[in-house]
Amino acid sequence: MSDDLFKKITSHAKEYGFVFPSSEIYDGLSAVYDYGPNGVLLKNNIRDYWWKAMVQLHENIVGIDAAIFMHPRVWKASGHTDAFNDPLIDNRDSKKRYRADQLVEDHVAKIQAKIDKEVKKARKRFGDDFDEEKFLNEHPRVQKYKAQITDIEMRLNQALAAQDLAALKQLIEDLQIADPVSGTRNWTDVKQFNLMFETQLGAVAGNAQSLYLRPETAQGIFVNFNNVLKTSRMKIPFGIAQTGKAFRNEIIARQFIFRMREFEQMEMQFFVRPGTEMQWYETWKEKRMQWHKSLRLGDAYYRFKDHEQLAHYANAATDIEFKFPFGFKELEGIHSRTDFDLSRHEEFSGKKLRYFDPETRETYVPYVIETSIGLDRMFLAVLSASYKEETLDDGSVRTVLKIPAILAPVKVAVLPLLRKDGLPEAARRIYENLRWDFMAQYDDKDAIGRRYRRQDAIGTPYAVTVDHQSLDDGTVTLRERDSMKQERIPAEEIGRVLREKLKLSSWLG
Ligand code: GAP
């Protein structure tokens, strides 16, 4: 996929009311976005699909909705006040600021692009006989590039893990990385920059208390561990799920809604007996991948990428990466967080956060497996995999969003063939009936072909057309978005047919 396609997707998202730049009449606010009439429906449906999969379909997972503001000591305990930093570097000529690690990663991506070019050339040369794996393992130039990547990534990971900012600067100098804007290598030293947004609680100057907008929803779950345990009759293993806004002062927020300063997370912390965490980690990796694949966007869009450098509190971590138009990138993280968070909150709050296990008759601080996915990032994944331009038999091109029907903003459009002969009245009656159960839209403007295109462009999976025959025998046509096939069914059957196609068990079952 190309930059060009990504541009088309972002402008389509705006043109069809999915995503708008924030405060656009004031020229927008960098890396902040608003969701429009179709966007909010898609976003709600994705959240709902996650919530039902996690909470409704698991007897041992309950939900909460914690406040965005939390006691400032929460962030001391979690480590965010001291260590939630990005390494920054400035170019003295362009006055632009960059994330030092991303400059290095972009350099690695350029070397990877050289490998991809070699593969493309060789495939063209050898045709059907081309063995990509053998080529990648044996071709001398590719070997050289691969060794370069390994060496750079090792130095980068070591510098980041040791928070060695001088080593990071040295790496940038050794790789002779130039500022993409000024083209010069006139870099400052690398500095740490905390990503949390700070604000004040209370109106009285001098008395105000510093607070942070939460950078993740997870901590709201940890600090409510005792409350949930006492009120929900959960027994270990059990999970607490939450969706909600999180805020990070990202230095380089880019790629549309991929990296934002205000975004939404869908997180679940699963509390387990110490020693069983690896088994649960594997279970949750599998379950979360199944959830993604249940949407049928195509299995080739997903892969796991295990973390080589683990955070100090984790004993295993992986990302589910998605093939975005700009390459494979993190969509969801699955982390085995040990007992780090609950133990730190015990230490900082002075309250016990423990579980008495009736089976082993032991009391312990539970271990935690976390699943954490960005709702906006999931939205972008769905949008970019769904966007298709198809050339039809008559040579015309239709732009269609093949959004999984269960997530589609509008489920069904009701369209009278003509705006006369009583067809609009009959169609409206059907629409008014359907809207009790489904997000439905009535549309009688323009020729029927244009109306189908409009619904295709927002991803409506089904369209009901009311024609003269409908008035005679009570049947309508039901058009399916992807195949464009139409079948005639009795009008009173529409609800049943749609319910069958959209029922949760057809997707997650
Ligand atoms: N509680 C763990 C945690 O927050 P993370 O890897 O920092 O882990 C989890 O974030 C997920 O949140 C990511 O996989 C991504 O989908 C989403 N996310 C993180 N930062 C984001 C940002 N700036 N904009 C949009 N989504 C973001």
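Let me start at one residue. Leaving out residues up to four places away in sequence, Thr-243 touches Arg-47, Trp-50, Trp-51, Asp-65, Glu-264, Gln-265 and Met-266. Keep in mind that this is a predicted model.

Where does Thr-243 sit? It is part of strand E9, which covers residues 238–247. Is it buried or exposed? Thr-243 counts as buried because its relative accessible area is 14%, and the cut-off for buried is under 20%. For a sense of distance, take Tyr-452, which is 209 residues from Thr-243 along the chain. The C-alpha atoms of these two residues are 35 Å apart.

Now the overall layout. The protein chain has three parts: domain 1, made of 1–70 + 209–397, then domain 2, residues 85–194, and domain 3, residues 410–508. Between the centres of domain 2 and domain 3, taken over C-alpha atoms, there are 52 Å.

Next, the nonpolar cores. The largest one has 81 residues, and the members that touch the most others are Phe-18, Ile-46, Phe-379 and Leu-407. Which helix gives this core its largest share? That is helix H13, residues 375–386, with eight residues. Domain 1 and domain 3 each contribute at least three residues to this core.

Setting aside neighbours within four places in sequence, its contacts are Phe-18, Val-19, Tyr-35, Gly-39, Leu-42, Lys-43, Ile-46 and Ile-257. Two of the names, Phe-18 and Ile-46, were on the list of core members that touch the most others. There is also another core, apart from that one, with 25 residues, including Val-108, Ala-122, Phe-130 and Leu-175.

How many residues surround it? There are 21, and the closest are Glu-216, Arg-248, Met-260, Glu-267 and Glu-330. Strands E10 (262–272), E13 (327–336) and E16 (367–374) each supply at least two residues of this shell. E13 gives the most, with five residues.

In the side chain of Arg-248, an N or O atom is 2.8 Å from an oxygen atom of the ligand. For Glu-267, a polar side-chain atom is 2.5 Å from a ligand nitrogen atom. Gly-374 uses its backbone instead: an N or O atom there lies 2.9 Å from an oxygen atom of the ligand.

How much of the ligand does the protein bury? Taken alone, the ligand exposes 550 Å², and the protein buries 90% of that.

Key: Residues are numbered from 1 along each chain as its sequence is written. This is a predicted model: local features need pLDDT of at least 70, side-chain atom pairs count only at pLDDT 80 or more; totals for chains, interfaces and linings use all residues. Side-chain values use heavy atoms; hydrogens and water are left out. Domain bounds come from an automatic or database domain assignment. Helices (H or I, at least four residues) and strands (E, at least two) are DSSP runs, numbered from the N terminus. Buried means under 20% relative accessible area, exposed over 50%, partly exposed in between (1.4 Å probe, protein chains only). Contact means heavy atoms within 4.5 Å. A nonpolar core is a set of buried Ala, Val, Leu, Ile, Met, Phe, Trp, Tyr and Cys residues joined through side-chain atoms within 4.5 Å. A residue is near a molecule or strand if one of its heavy atoms lies within 4 Å of it. A polar contact is a pair of N or O atoms within 3.5 Å; within protein, one must be able to donate a hydrogen and the other to accept it, and residues adjacent in sequence count only if both atoms are side-chain atoms. Accessible areas come from the Shrake-Rupley method with a 1.4 Å probe; for residues, only the protein chains shown count as cover.
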